[in-house]
Amino acid sequence: MRDNLIVASGERPKRLDHYLAGHLRELSRTQLQRLITLGRIRVRGRKAKPSQRVHGGDRIEFQRPPAVPLQAHLSQGLTPLSEDEDILVVDKPAGVVMHPGSGHWDDTIVNAVLHHFLERGAKEILPKLVHRLDKGTSGVVLIAKTLQAHQSLSRQFAEHRITRRYIALVRGAPVLDQDRIELAIGRDRRDGTIVSANASRPKPAVTRYQILHRYGDVAARLLLIPGTGRTHQLRAHLQAIEHPILGDLRYGGPGAGQLGPIPIGRMMLHAEMIGYWHPRTGQYREHFAPMPAELLTLNEVLRSSDDGIR
């Protein structure tokens, strides 16, 4: 069964994927683009492209992805950090996607959280994603359990009231011990799967960094504090200053999976902390996700080698 959207008559022409991102918020931009490419989203009855412009009066037909099954079994590897009647905080492992989509219908964080609720007899609760981490990123994630909590946390993100800290191991070491990266980014003109400054409509993005440790001139451990929440922001900003995240094959180039003789098995980016104002109590809270074993191990290898790696 297909649902329909009618573009309002006063709506300015927009790309189809941009328009849908504002109306089907439960789906990510990547999911929408895949659905459009698969022909599950049509404009005026015809197959469309993500970049196609929609105008006032256009009829958009779309077929939602299959419902996420409650019988999900990804409880292994999902570590709850905190839970109350409004919010579940989990430690997301690297290599797991956030929500169901093409190729990942039942092995996602959403499935794991559903399984978590089901095990506790809370069948009526559906997890509501407030923010996302890339598949290769590990760390702390907020899951809203009620509509009110979702609205409050989403508003805090939009108003930049959420505090976030990330740890990254990067190739090389920036000259400055700390700095602010201000670089507007958007979907790359040549490669729509990445973001860069080479975009048709780049949006302002700010990242602050502080060097926690230098491993000679070979690598560094950074504390990253995003001031904005653009897609792939940290990855694109670090690539732009020529210190890509180790293990980031998309932004770090073909050699990102190796540092001298050391193989890098994952993207070395970890969401260490998140802080927010609780939607029910109004109190400020912070939650921390411990450093995963892969980052700790590489950190120790780099410490013991320092500038002996080339």
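Author: One term before we start: buried means under 20% relative accessible area, exposed means over 50%, and partly exposed is in between. Also, this is a predicted model.
Reader: Ok, so is arginine 266 buried or exposed?
Author: Arginine 266 has 10% relative accessibility, so it counts as buried.
Reader: And what does arginine 266 form a salt bridge with?
Author: Glutamate 294, with the closest N and O atoms 3.5 Å apart. The pair links distant parts of the chain, 28 residues apart: glutamate 294 is in helix H6, and arginine 266 is in the loop between strand E18 and strand E19. Glutamate 294 is partly exposed, at 38%.
Reader: How many salt bridges does the structure hold?
Author: It holds 15. Another one joins the side chains of lysine 145 and glutamate 83, at 3.0 Å from N to O. Those two residues are 62 apart in the chain.
Reader: Which of those counts as buried?
Author: Lysine 145 does, because its relative accessibility is 12%. Glutamate 83, at 35%, is partly exposed.
Reader: Switching topic: which residues touch the most other members in the largest nonpolar core?
Author: That core has 58 residues, and Leu222, Leu224, Ile245, Leu246, Met268, Leu269 and Leu298 touch the most other members. Helix H3 gives the largest share, 6 residues.
Reader: What about a second core?
Author: There is a separate one of 16 residues, including Leu5 and Val43.

Definitions and conventions
Residues are numbered from 1 along each chain as its sequence is written. This is a predicted model: local features need pLDDT of at least 70, side-chain atom pairs count only at pLDDT 80 or more; totals for chains, interfaces and linings use all residues. Side-chain values use heavy atoms; hydrogens and water are left out. A nonpolar core is a set of buried Ala, Val, Leu, Ile, Met, Phe, Trp, Tyr and Cys residues joined through side-chain atoms within 4.5 Å. Buried means under 20% relative accessible area, exposed over 50%, partly exposed in between (1.4 Å probe, protein chains only). Helices (H or I, at least four residues) and strands (E, at least two) are DSSP runs, numbered from the N terminus. A salt bridge is a side-chain nitrogen of Lys or Arg within 4 Å of a carboxyl oxygen of Asp or Glu.
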